[in-house]
Amino acid sequence: MSSNTPKTASFSSHTPNPARAPSKSLREDRSAFPSPRTAGKPATGSSGAANGAVPRVAGPPSPRTKKGKPAQYDRFIPNRSDKELASSQFNIARSDTEQPLDGATIAYHEEVARACGVSINKRILSFKEEAPTSDRDDLRQVYSRPALKSSASTTAKRRILNTPERVLDAPGLVDDYYLNLLDWSLGNTLAIGLDQSVYLWNASSGDVNSLCQLEGDSYVCSVKWTTDGSYLAIGTCDGDVQIWDAESQSRIRTMTGHQARVGVMSWERHMLSSGCRDGSIWNHDVRIANHKTAELIAHSGEVCGLTWRSDGALLASGGNDNLVNIWDARSAVPKFTKTQHTAAVKALAWSPWQLNLLASGGGSHDRHVHFWNTTTTARLDSIDTGSQVTSIQWSNEYRELVTSHGFPHNHLALWSYPSLAKIVDIPAHDTRVLHTAISPDGQTVATAASDESLKFWRIFETRTKSGKATKNGMLAAAAATAGAGSGLLRGVPSSGAGSGSGASSASDISHPAHFR
């Protein structure tokens with residue numbers, strides 16, 4: 001051979017090839033285990049051997065093979081998809097098993113398949129969801145939306161008017177932030193302190209009566225009804241606390257002892273708590289001669305906010321020292337004290353539908369309303385109202401509260417709780433709103449301001465199940481009485497309650513004459 005010729009293995013067709021025996025054994029092994037595609041067909045290799053044909057054996061590639069057409073192989077390898085491979089091997093193994101499975105083995109296989117969530121006769125790997133069968137739930141029922149309610153059945157929106165239902169004159173109202181001169185009884189009678197006098201206005205009949213007139217230079221600093229509305233407590237600038245019977249219009253007793261004016265009071269059954277300008281709080285038992293039962297000392301400034309919780313377990317107090325104190329009824333030491341306010345705290349109100357929720361409002365340098373959990377002592381939330389907070393009234397029916405304000409806006413603000421979203425602002429008075437009181441039915445809020453006017457606002461209007469507003473008979477009866485010539489004439493002085501000789505026109509607002 002030449003040195004330029006590559007060495008190749010040459011085999012004669014008549015010379016036995018040593019490599020044929022292993023190739024034949026491999027071919028026989030393949031024929032013994034045919035693939036699923038060749039099963040049942042005659043073996044081509046055996047017939048070729050019987051005819052004397054010699055199979056082609058691949059040797060080292062020649063230079064022509066590298067540059068020419070690609071090399072040919074002697075057998076076909078099927079390209080099965082992944083999702084058929086496991087199933088095919090499983091079927092081959094089952095077909096080669098000649099012995100039938102016993103009942104226990106079949107039950108075991110079915111249990112394993114059920115636990116794995118597959119079926120024995122189903123493909124193990126499948127990437128396409130099967131079409132829904134008739135035995136499945138009807139998708140129209142599963143995903144059907146509920147029918148929309150008709151507009152007639154939906155609750156109509158509540159209308160809140162920004163104009164008062166009624167306006168009364170209140171001349172002589174002392175312009176003092178720290179006093180509490182307005183309260184509405186359970187018997188639907190409104191009490192207001194005007195300088196040295198206390199007047200009672202019956203909201204059902206419209207009658208106005210003068211309850212008392214203080215002597216000398218004394219003036220009224222606070223008024224507060226008992227829970228049942230039978231008796232009225234009056235705090236004076238001399239430090240006295242007077243108890244008056246509203247029905248007989250007579251004074252029952254006078255409790256002395258305070259060294260300065262009594263600007264705020266709160267009842268708890270037979271117990272009356274009074275807050276003084278010297279920072280002290282006294283508890284009076286009106287049933288006994290020695291009325292003073294406890295003295296609570298924790299404020300360094302005038303006490304201007306004081307209210308008992310409805311169950312009588314806790315007393316909240318606020319003062320000119322910017323503090324909020326929570327007192328346990330069984331102790332003379334505050335349960336806890338809050339110092340977050342930066343101005344005097346006059347506005348205090350317990351939630352009527354959540355006993356441990358207290359709202360407190362600060363003065364002109366604070367302008368915030370804070371909400372307290374009196375069980376955990378935590379502050380739940382706060383509102384920056386933008387104005388001096390003078391009072392807070394919760395609604396009994398709605399999850400809402402109304403706040404009254406002084407400088408600079410002199411308005412009422414209605415808030416939703418617990419979202420604290422502002423519902424409406426009502427421009428109430430020309431000057432700061434000093435006092436508020438809520439009617440016994442919880443619908444009307446009365447406001448008194450330093451502009452010497454008393455206004456009534458329908459804010460928490462009660463609705464029936466049909467969505468219609470209920471008729472507020474309290475102010476309606478009073479308006480009817482005023483129009484019947486009961487002496488409630490605007491700008492016309494009167495000698496006493498129930499006197500008068502004329503009636504105002506329909507466009508005018510009726511006022512009690514002797515409030516003027």
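Student: Leaving aside neighbours within four places in sequence, which residues is Ile234 in contact with?

Tutor: Contact means heavy atoms within 4.5 Å. With neighbours within four places in sequence left out, Ile234 touches Val198, Leu211, Cys212, Val220, Ser222 and Val223, and also Asp240, Val241, Gln242, Trp244 and Met265. This is a predicted model, where local features need pLDDT of at least 70, side-chain atom pairs count only at pLDDT 80 or more, and totals for chains, interfaces and linings use all residues. Residues are numbered from 1 along each chain as its sequence is written, and side-chain values use heavy atoms, with hydrogens and water left out.

Student: Which residues touch the most other members of the largest nonpolar core?

Tutor: In soluble globular proteins, nonpolar side chains tend to be buried together. A nonpolar core is a set of buried Ala, Val, Leu, Ile, Met, Phe, Trp, Tyr and Cys residues joined through side-chain atoms within 4.5 Å; buried means under 20% relative accessible area with a 1.4 Å probe, protein chains only. Here the largest core has 34 residues, and Leu182, Leu190, Val198, Leu232, Ile234, Leu454 and Phe456 touch the most other members. The strands that each supply at least two residues of this core include E2 (182-184), E3 (189-194), E4 (197-202) and E5 (208-213). Another core, of 15 residues, lies apart from it, and includes Leu357, Ala359, Trp394 and Leu401.

Student: In what order do E2, E3, E4 and E5 stand in their sheet?

Tutor: Strands are DSSP runs (E, at least two residues), numbered from the N terminus, and two of them pair if DSSP finds at least two bridges between them. This open sheet has the order E2-E3-E4-E5, with antiparallel pairing. E2 and E5 each have a single partner strand, so one side of each has no neighbour in the sheet. Three bridges join E2 to E3, and Asp183 stands opposite Ala191 in E3.

Student: Which residues line the largest cavity?

Tutor: Rolling a probe the size of a water molecule over the atoms shows where empty space is left. On a 1 Å grid over the protein atoms alone, a cavity is a set of points where a 1.4 Å probe fits but cannot get out, and lining residues have an atom within 4 Å of a point. The lining is made by Asn283, Leu296, Trp308, Leu315, Trp327, Asp328, Ala329 and Ser331.

Definitions and conventions. Buried means under 20% relative accessible area, exposed over 50%, partly exposed in between (1.4 Å probe, protein chains only). Helices (H or I, at least four residues) and strands (E, at least two) are DSSP runs, numbered from the N terminus. On a 1 Å grid over the protein atoms alone, a cavity is a set of points where a 1.4 Å probe fits but cannot get out, and a pocket is an open set with protein on both sides within 12 Å along at least five of seven lines; lining residues have an atom within 4 Å of a point.
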